[in-house]
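Please read it beside the sequence and the coordinates.

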2 protein chains.
Amino acid sequence: MLYSKLFGKTVKTAPKDAVADSYKLLYQGGFIRESTAGRYFFLPLGQLVQQKIMKIIKEEMDAAGAQEMLSPVLHPLSLWQETNRTKTTGFELMRVKDRNEAEFALGGTAEEMFVDVVRKFQLSYKDLPFNIYQFSTKFRDELRARGGLLRVREFMMKDSYSFDTDEKSFKKIYEKMRETYSRIFTRMGLETVVVESDNGYIGGEYCHEFVVESPVGESRFLVNPNTSLAIHTDIVDKKKITPDERRKMVEKKGIEVGNIFQLGYYYSEKMRDALFTDVDGKRKPFYMGCYGIGIGRTMATVVEVHHDKRGIVWPKSIAPYLVNLIGLDLTDAGVKKQAEKIYQKLSDNKLETLYDDRADVSAGEKFGDADLIGTPYRAVVSKRTGDKVELKKRASSETKLLSIEELLRISC
Amino acid sequence: MLYSKLFGKTVKTAPKDAVADSYKLLYQGGFIRESTAGRYFFLPLGQLVQQKIMKIIKEEMDAAGAQEMLSPVLHPLSLWQETNRTKTTGFELMRVKDRNEAEFALGGTAEEMFVDVVRKFQLSYKDLPFNIYQFSTKFRDELRARGGLLRVREFMMKDSYSFDTDEKSFKKIYEKMRETYSRIFTRMGLETVVVESDNGYIGGEYCHEFVVESPVGESRFLVNPNTSLAIHTDIVDKKKITPDERRKMVEKKGIEVGNIFQLGYYYSEKMRDALFTDVDGKRKPFYMGCYGIGIGRTMATVVEVHHDKRGIVWPKSIAPYLVNLIGLDLTDAGVKKQAEKIYQKLSDNKLETLYDDRADVSAGEKFGDADLIGTPYRAVVSKRTGDKVELKKRASSETKLLSIEELLRISC
């Protein structure tokens, strides 16, 4: 990509409400822009990161045997009435009527929708278990949105729903999702604590949050550093932790990036015909679970964890580009030609490159922009580098002069 | 994918309102299910096709220099008021209020949103032209939905918006989009006629529909078979076609799968600050265009064009799987082992395979399901095939006995 043609270039200032570093840097780097409070545009750089996060999630979900599908965004309100969630959810639920006065909920989560599509089929124990998921826009009518992607009113979410014959079979899926989620976050450079939590308006008997420790997080939990037992502060009293265990636990704060819920029969017993035919010929309710990851919040969390005072330091796995190729002295025809040749070679070798081809911008400004945007590598071509390239890792201050062949050996 | 574990298997009957072949076949094959009228679930098979369509569009849009981004689904109504489209759009526009009484439109198209994000930057002629696009859910509060994906109330759409300094520069993008669209549809097995059309509520001075001839289509147009000049019937009178030309034209009917619009200054002059700094230092309004493709309708159109009485005949480019591997006599341990080995080999060679591993279903039923689902190849392993595989193309009746090595040479 030619930086001169990229829509969404860097800017020097950030909005006044940009308290979190992630918002400040994602704004200044040209990744996101606010539409109205809590609703964001993902600019081309931000969308590249969002898609890489989604690709990792998809790879791991598919490897765990889950199947991607897609449900409508507008949910018939009658489904939410079937489970009484129109009453238990409260204000966060947005509603809309069509021209025929049919009422819909703007989906916040999609348990009822997935049960509804599953009950359209006559399923037997032979079809089970399965785990179906989607990536789709979700809505939460939050009273207050925080600036940036940490708490928003509209966001891309991966939500999945598992259907089993019984609790024993379900527990295998739940455990597999727990491992899958840890692996997903690890691949993005996030270390997560698995915290036993409150199930909120989702329902069910138990659930776990995946939390990344961070001072800007809103999830408070207690953790025993020896056993790694972690419990949300909200439910510590309910869980009756013994004083001895309690003393060993320390309080932490973090950002919730994903969660997994046991649902049991919470939905299948409230919704009619949410049944399968078991081996004994009887019709029985599905035993369910659900599993969510917020894409935008995950992206912001990666930035909270991976940045320095000059900008973002993207992990390779989700960086918008691998290399920021900087051309200096581009008014010199020879340097320009060399820079373009290297850009072409990098692209031919599928090393994703953002080429800063601006001729009227100073070296200092280009270096500053590269640090802010945060690609894993910065490669400089100038009068001084001759037929070589000066390479620097974003996280290091060391530079190396490489031949083009050596440059092409950098890894994704 | 193991067919026994696929969510969304084939069924024998179709809904009574399934008049169009595409709806009947996509329903029976297990690709889609209706939620409420005009809103559809894409089951795993349908979502695979939808994603392949989106991948082709993305490849071609990126090759044409366009940049993907993402805008919120809820548009501040104030933006639609800025262009007066709250009045010109009419009933199709759905509105919703949040808990703070802020009003939003559920996006049908996103011209105002894209102008709004662009005007957040201080752009100059050096940043232009650019073409930015998204894939996102769109809403149309249609009075009547037709059964199936041909006319719906909620759908995935690729919409793009180009920003230029002037008409001359714009015309190059418009022409590039025209070529890009033709190539996109050709790659999916669709031959399109480019029809001059009415711009509806979008605005601007001229536009073209990409239409696939079909008896179930709702677009009526006149075409001169010699010159390939094609005009929507609605605007023939307005265009003052001379009687001589008019006599040579024949009337046709087809499905609109995409459209491209010149917008000119329609939006940039109505919305404040939709300006760039030109080479003369003056602030001038952007010259714009927009370009849309409905993903679900495209999918239905492919089925309308590519099917026979037994089912769908997917073009390879967007088939959910390349091969339907059918195991017969699977109660025989040797055959079962051989079938699993071939499934593994196909998967290892990245030949996407749906393996019908059901042990309790007749050969006839499996063949019927394979024809209905419509993968380009059907491969059969049975007692009779020994260490070979019986291969048949979906569109042909000829079968061939191949070795595994020969089977692995079939192309995507």
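1. Strand β9 (residues 193-197) of chain A pairs with β10(A) in the antiparallel sense over five bridges. Within this pairing, A:V194 has A:F210 of β10(A) as its bridge partner. Helices (H or I, at least four residues) and strands (E, at least two) are DSSP runs, numbered from the N terminus, and two strands pair if DSSP finds at least two bridges between them.

2. The model is predicted: local features need pLDDT of at least 70, side-chain atom pairs count only at pLDDT 80 or more, and totals for chains, interfaces and linings use all residues. Residues are numbered from 1 along each chain as its sequence is written, while chains are lettered from A and ligands numbered from 1 in the order in which they are written.

3. β10(A) also pairs with strand β13 (residues 250-264) of chain A, in the antiparallel sense and over seven bridges. Here A:G254 in β13(A) is the bridge partner of A:E213. Six of the seven residues of strand β10 (residues 207-213) of chain A are buried, so this strand is largely enclosed by the rest of the structure. A residue is buried if 20 or more other C-beta atoms lie within 10 Å of its own, exposed if 12 or fewer, and partly exposed in between, with C-beta atoms placed from the backbone.

4. Chain A as a whole has 11 helices and 23 strands. Of its 412 residues, 49% are buried. The C-alpha atoms of chain A fill a box of roughly 80 × 60 × 45 Å along the principal axes.

5. A:D17 is in the segment before α1 (21-28) of chain A. It counts as partly exposed because it has 13 C-beta neighbours inside 10 Å. A:D17 and A:G148 are 131 residues apart in sequence, yet their C-alpha atoms are 8.8 Å apart in space.

6. How many residues of chain B are in contact with chain A? There are 38, and they meet 38 residues of chain A, a contact being a pair of C-beta atoms, placed from the backbone, within 7 Å. Elements giving two or more residues to this side of chain B include α2 (44-63) and β7 (130-139) of chain B.

Terms used
Two residues are in contact if their C-beta atoms, placed from the backbone, lie within 7 Å.
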